[in-house]
Amino acid sequence: MAAEGPIHRGSGSDTARVTTTASEQGPANEPARHTANYARNLIEASLDPLVTISRDGLITDVNHATELATGISRDRLIGSDFADYFTDPDRARRGYQQAFSEGYVRDYPLAIRCACGTAMEVLYNATVFRNEAGEVEGIFAAARDVTERTRAELAARRLAAIVESSDDAIIGKTLEGIVLTWNQGAERLYGYSAAEMVGRSVMAVVPAEHQGEVRELLRRIAAGERIEHHETVRQRKDGSRVDVSVTLSPTKDARGEVTGASTIIRDITERKRAEEAVRRANAYNRSLIEASVDPLVTIGSDGKITDVNAATEAATGCGRQELIGTDFSDYFTDPAQARAGYEQVFREGLVRDYPLELRHRTGSVVSVLYNASIYRDQGGNTAGAFAAARDITARKRAEDEVRKLNQELEQRVQQRTAELQSANLELEAFTYSVSHDLRAPLRHLSGFAKLLLEENAAVLNATGRHYVDEIRDAARRMGQLVDDLLELSRMNRQALNPQPVALEPVIQQAVRELAPEIGQRAIEWKIAPLPHAVGDPVLLKQVFANLLANAVKFTRPRNPAVIEVGEQVAQGETVYFVRDNGVGFDMRYIDKLFGIFQRLHRTEDFEGTGVGLAVVQRIIHRHGGRVWAEAQPDRGATFFFTLGSAEPQSSREVHDEVAIAN
């Protein structure tokens, strides 16, 4: 009967495979068969890969576990090189050579390469075996799969590295509180090294008043409970205290019994400070909100009220808890308008002076103006809107009163204006009539005085002739005054004819008309190019004629006299001016300058009626402009004016007419 498995013999590189024949299956060979079967069963019973190797490194036998590990059948493995089935063949070869030279190897690390492409981490233990003559015939090698153990060790190393690198303190301890492990995070947190704390009670870092708390936590751990995020206080080596969050988990032995506790401690000092800062800020903000006498609310993006102050409670008649969570728009007489208001806030970021009417639960209504803006969370996202209402009920009453008063005042002004216009028309008619009617008597007076002087010259003495001359001069001055009054009166009646006007020809004509008065005087004219203006050409010529005549008169003491006409731009407005180097005037009396019949110099020094500048002012005002002057005594004067819309300025005309009436 053939043996269950082959018996291999080899010497050197020769390996003989001997199989029992039928003639050898007699009773005398029964013990050998039994031994071979026993050995084969032992080999196949092993879950570890087992091989026998000849001195030249060839495989002489394998078990089924080796076939599984390599993915190759027994027949193909036998006779092949042992080293060919490892990820590092040279290392495998050195291993079996070491076994032949030293008789054995222990826990020799290799990785068996499977035909499927995977690898199995193993530790080989091998010993030589000998023949009946005591000669080393080969090696018997057994491999232990340590893949899972290697993974576990790697995981343990990684876990240890994580524990050591953690910013948190990670401590292992017994149920009695004796420290077993102490990572670097614990060293940084508490100031104790691992050498100082391992084997010592954890109570070293627990303040006296919290030690009972720790014993209770360990009791709960012993009962198998897990404790998460327990906030408490611990004590450092230097005596300072630190706020911490503690998570405790029970550690168990192989039988599942709790033997200790694993503790993760996180420093929450900064978080506590931040929470305290937030708490104080919230308290401060709450105080600010409540200090306001105006209703204040915060609104979510859905229009729901998230907070209110006491003023809002008073304005609505509803309590804070009753208001929170309700729709903001429900408390107004026009909910749609209120809703449009807060939607505008979330769309545009703010609203200003948004008018609403806040309704009290009793039915009373308060007019308010809302100012609202969005506020954001730490991520910059819109968190809600903050709205403040200002009660404008009293202001609206005041506005209504002001409106009524304005209406009454407007009626009074219209009535007074009508009265003034009527009086001015009567006064103007009277002035025109008187002025016109005075012309004939004045002519008679002047004519008879002239005849008296001519026909009775021989009879009149020097005093008489002087009296007649005074009468004639007074009549002449009176005639000039009457002419000026008629001119001023015509100025009010003459309609404006605004049109583009080239000013330089207007000025040149005014200068030519002054030639008789100038005579042989030396006058230096400086007339700058001027832009076209819009106005009544006749009236503008009168303005320049009067201003230039004024300059000619008051430069009489100068030789040469210098008269300048020009323009300048001030704040986007064209300003025309006439400047002279004459006698000037004192600016203290500037308010009298443009008044009718007002004179700043004696008649004996400079003739005139005091009407010319009043005419200038009236023409400029009728053009919607302004006129003013600057001067210094004996250093000349400058008259400025602007031209507006060329539309009559009724209020100024009224002022002028009143001035005439006065």
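**Salt bridges, nonpolar cores and a buried aspartate**

Arg-255 sits out in the open, with a relative accessible area of 67%; exposed here means over 50% relative accessible area, buried means under 20%, and partly exposed covers the range in between (1.4 Å probe, protein chains only). The model is a predicted one, so local features need pLDDT of at least 70 and side-chain atom pairs count only at pLDDT 80 or more, whereas totals for chains, interfaces and linings use all residues. Numbering starts from 1 along each chain as its sequence is written, and side-chain values rest on heavy atoms, with hydrogens and water left out.

Arg-255 pairs up with Glu-257 through a salt bridge, at 3.6 Å from N to O. The term stands for a side-chain nitrogen of Lys or Arg within 4 Å of a carboxyl oxygen of Asp or Glu. Glu-257 counts as partly exposed, at 43% relative accessibility. The structure has 30 salt bridges in total. Another one links Arg-347 to Glu-348 at 4.0 Å, N to O, and Arg-347 is exposed, at 58% relative accessibility. Glu-231, Arg-271, Lys-272 and Glu-275 end up in one network, joined by salt bridges that share partners.

Asp-90 and Arg-93 form a salt bridge too, with their closest N and O atoms 3.2 Å apart. Both residues belong to helix 4 (residues 89-102), and because they are three residues apart there, about one helical turn separates them. Helices (H or I, at least four residues) and strands (E, at least two) are DSSP runs, numbered from the N terminus. Asp-90 is partly exposed at 48% relative accessibility, and Arg-93 is partly exposed with a relative accessible area of 25%.

Asp-81 is buried yet has no salt bridge, and Arg-93 is its nearest side chain of opposite charge, 4.1 Å away. For charge, Lys and Arg count as positive and Asp and Glu as negative, while His and the chain ends are not counted. The Asp-81 side chain does reach the backbone nitrogen of Ala-83, at 2.8 Å. Leaving out residues up to four places away in sequence, Asp-81 touches Gly-57, Leu-58, Arg-93 and Tyr-96, a contact being heavy atoms within 4.5 Å.

Now for the nonpolar side. In soluble globular proteins, nonpolar side chains tend to be buried together. A nonpolar core is a set of buried Ala, Val, Leu, Ile, Met, Phe, Trp, Tyr and Cys residues joined through side-chain atoms within 4.5 Å. The largest one holds 42 residues, and Leu-503, Phe-544, Leu-547, Leu-548, Phe-639 and Phe-641 touch the most other members. Elements giving two or more residues to this core include helix 15, strand 21 (561-570), strand 22 (573-580) and helix 18 (612-622). Helix 17 supplies the largest share, nine residues. Apart from this core lies another, of 27 residues, among them Phe-100, Tyr-108, Met-120 and Val-128.

Beyond its neighbours within four places in sequence, Phe-544 is in contact with Leu-503, Val-506, Ile-507, Val-565, Val-578 and Phe-641. Val-506, part of helix 15 (residues 503-513), is buried at 11% relative accessibility. Val-506 and Pro-537 are 31 residues apart in sequence, with their C-alpha atoms 7.9 Å apart in space.

Technical notes:
A polar contact is a pair of N or O atoms within 3.5 Å; within protein, one must be able to donate a hydrogen and the other to accept it, and residues adjacent in sequence count only if both atoms are side-chain atoms.
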